[in-house]
Amino acid sequence: MTFFLVVMLSLFAINMPVAFAMLGTAIAFLLFTGGLTLQTIPQTLIGGMNSFILLAVPFFLLAGGIMNTGGI
């Protein structure tokens, strides 16, 4: 646990955004524990983005921006 806290804090120290620091820490955990190889990480990331629920968030923000511009 201490190793992963050090990894995350070191990524924060080099001014990496929080989302990328969490992603880097998760990848370090998977490589350290032997859960995944480097070949399966991109496949898992791309497979996780194939979701219609995740597409709803940017379209909701777009609809809100259009309604705000239109004065609704």
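A residue counts as buried when its relative accessible area is under 20%, as exposed when that area is over 50%, and as partly exposed in between. Keep in mind that this is a predicted model.

Start by selecting Phe4. At 15% relative accessibility, Phe4 falls under the 20% cut-off, so Phe4 is buried.

Colour Phe4, Val7 and Leu11, the buried residues to look at in helix 1. They sit on the same side of helix 1 because they cover an arc of only 55 degrees around the axis. Turn to the other side of helix 1 and you'll find Thr2, Leu5 and Ala13, which are exposed.

What do the buried residues of helix 1 pack against? Show residues 18-33: that's helix 2, and the buried residues of helix 1 pack against it. On your way there, stop at Asn15, which follows helix 1 and has a positive phi, near 60 degrees.

Last stop: the rings. Two aromatic rings are described by the distance of their centres and the angle of their planes. There are four aromatic pairs to look for. One of them joins Phe3 and Phe4 edge-to-face, at 5.2 Å centre to centre with 75 degrees between the planes. Now select Phe29 and Phe32 as well: ring pairs link them with Phe3 and Phe4 into a cluster.

Conventions
Residues are numbered from 1 along each chain as its sequence is written. This is a predicted model: local features need pLDDT of at least 70, side-chain atom pairs count only at pLDDT 80 or more; totals for chains, interfaces and linings use all residues. Side-chain values use heavy atoms; hydrogens and water are left out. Buried means under 20% relative accessible area, exposed over 50%, partly exposed in between (1.4 Å probe, protein chains only). Helices (H or I, at least four residues) and strands (E, at least two) are DSSP runs, numbered from the N terminus. The arc is that of the directions from the helix axis to the C-beta atoms. Contact means heavy atoms within 4.5 Å. Rings of Phe, Tyr and Trp (its six-membered ring) pair if their centres lie within 6.5 Å; planes under 30 degrees apart count as stacked, over 60 as edge-to-face and the rest as tilted.
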